[in-house]
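Look at the model below before you read on. Keep it in view as you go through the report.

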Amino acid sequence: MIRLHNTLTRRLDDFTPLSSDKVTLYTCGPTVYDDLHVGNWAAYVYWDTLVRTLQIDGYTVDRVMNITDVGHLVSDADEGEDKLEKGARRDGKTAWEIAEYYTQHFLDGMKALNLIPPTHIAKATDYISQQISLLRALKQRGCTYQTSDGIYFDTSTFPRYADFAQLDLSAQKAGARVDANSEKRQPWDFALWKFTEKGKVRDMEWETPADLLDTPPEDNKPVMGFPGWHLECSAIAMSLLGKTIDIHTGGIDHIPVHHTNEIAQSEAATGQRFANFWLHCNHLKINGGKISKSLGNGYTLDDLKQHGFSAMDLRMFILQGHYSNEGNFSFENLQAAHNRLQHWRDVACLRHQVHDRLHSDTENNDLRHDFSPSAAIGAVKEALNDNLETPRALAIVDKALTELDKKPPQKIYRAGLIEFLEFVDAALGLELLDSTPDIDDECKRLLVERRRARDNKNWVNSDELRDELLNEYGVVVKDTAHDTLWAYADEKPE
Ligand code: AMP
Ligand code: ZN
């Protein structure tokens with residue numbers, strides 16, 4: 001059984017889903033006005049680990065992730081411009097083009113990081129009618145009111161509003177900005193639907209259904225508008241997964257506003273609990289400070305590539321931290337993760353160089369049981385089921401692989417090594433097997449030739465062959481006390 005830190009209870013709770021074999025999971029997706037930075041990716045790598053752990057535990061995971069392509073304003077509290085419309089102006093494109101472009105980049109990044117695709121990826125703009133239906137349900141229950149710039153959720157109709165984030169609303173009231181929207185009944189009421197500013201045309205706008213308006217427009221023209229950011233997550237989650245979902249994930253920044261508002265509007269509409277578990281990942285910092293595009297430190301996967309690092313290096317770096325701790329990104333830390341991954345890959349290469357000694361094993365029990373993967377697999381499972389303790393899981397894998405690396409190859413049980421690597425790939429998604437295919441016959445022939453040259457003490461020829469193997473095949477030769485072994489060269493320039 002998996003234990004998870006539930007923001008709802010502020011405790012580690014044993015998790016059991018509503019259905020015995022299926023977990024419904026909702027993850028707040030990215031706002032697609034720019035490329036994701038390493039901090040954003042950290043969030044998605046952690047939730048991918050959650051999915052992998054649940055799958056290892058035998059559950060089917062029905063997972064939805066939204067794509068915020070409309071409605072997320074520059075400030076999470078309904079102020080400022082829509083990030084998409086702003087991004088469109090920056091890039092000289094329409095909001096639709098920007099959304100399409102960065103959504104594709106996001107999907108490419110997910111692939112590069114080996115993130116398991118959610119069952120549904122739902123764009124907010126594809127769920128306008130569901131958002132309108134939810135808005136209508138809230139209006140019918142008397143939870144909404146209209147101002148000159150939109151339709152708002154009246155939080156006084158939801159007495160538990162402050163509970164989830166343990167908000168001190170009286171302090172918020174005292175600190176409310178004077179120039180903030182004075183038509184709001186409470187400063188923390190939030191927009192469910194915003195009207196397009198008078199005299200403006202947005203790239204993304206929809207007609208506000210007349211029954212949602214308290215007062216019809218004087219000119220009888222359609223009132224154009226767009227959904228508030230929070231509405232999409234509730235509408236998408238409930239229409240695809242049901243009124244109550246098992247787990248909802250997001251970043252800690254979502255707790256006081258976005259998720260508080262999701263809970264208020266969902267639970268006010270249905271009268272049921274929206275999600276049984278809420279998981280939040282802490283933020284990644286850079287050299288101890290905030291990540292922000294304006295500071296020039298919002299490194300994207302492309303930026304990392306330019307520094308010689310792969311998406312898998314980043315994945316390893318992220319998994320080295322625990323999701324609930326603040327992480328610290330630096331290129332030195334990324335280099336350390338890269339080195340660790342390189343070592344794991346070297347050990348993965350051993351599986352092509354040891355014999356499958358099933359027959360001789362029966363004669364020699366000592367050898368057969370030299371490396372049993374089951375203990376290490378069990379320990380990794382235990383770590384992941386303990387609130388996704390990835391640093392501990394990685395330390396266990398490290399220890400097992402380092403021990404293997406020290407053994408004479410004839411003492412490594414090939415099937416056991418493969419079983420372990422398959423499990424590590426399933427749990428941590430680091431593509432150890434895919435990144436270390438066997439070398440081809442010509443490469444093997446060169447290795448044999450080099451070994452012969454070495455045995456004959458023909459050092460010049462041996463060195464030439466070593467260079468050829470490196471330059472032509474990207475393979476490094478390692479002469480150990482036991483044998484000559486090969487592995488893939490580190491492709492990252494120093
Ligand atoms: P956004 O595109 O701004 O909606 O953010 C996408 C996801 O990244 C959200 O789940 C945020 O909580 C998360 N996020 C943003 N900044 C960071 C950070 N520095 N570290 C970890 N997660 C972050
Ligand atoms: Zn959301």
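## Ground rules and confidence

This is a predicted model, in which local features need pLDDT of at least 70, side-chain atom pairs count only at pLDDT 80 or more, and totals for chains, interfaces and linings use all residues. Residues are numbered from 1 along each chain as its sequence is written, chains are lettered from A and ligands numbered from 1 in the order in which they are written, and side-chain values use heavy atoms, with hydrogens and water left out.

pLDDT is the predictor's confidence in each residue, from 0 to 100. The protein chain averages 92. At least 70 is reached by 95% of the residues. Residues 358-362 stay under 50. The model gives that stretch five contacts (heavy atoms within 4.5 Å) beyond four places in sequence. Where pLDDT is low, the predicted coordinates should not be read in detail.

## Around ligand 1

Ligand 1 is surrounded by 13 residues, each with a heavy atom within 4 Å of the ligand. The closest are Thr31, Gly39, Asn40, Asp253 and Leu284. Helix 1, residues 38-56, gives the most to this shell: three residues. Helices here are DSSP runs of H or I with at least four residues, and strands are runs of E with at least two, numbered from the N terminus. The shell has four nonpolar, eight polar and one charged residue; Gly counts as polar.

Alone, ligand 1 exposes 490 Å², and the protein buries 89% of that. These areas come from the Shrake-Rupley method with a 1.4 Å probe.

Five strands form an open sheet in the order 8-9-10-12-11, with antiparallel pairing. Two strands pair if DSSP finds at least two bridges between them. Strand 8 (144-147) and strand 11 (206-207) are the edges, each pairing on one side only.

Strand 12 (residues 224-227) joins strand 11 through two bridges. Trp206 partners Gly225, and Glu207 partners Met224. Strand 12 also pairs with strand 10 (residues 190-195) over three bridges. There, Phe195 stands opposite Gly225.
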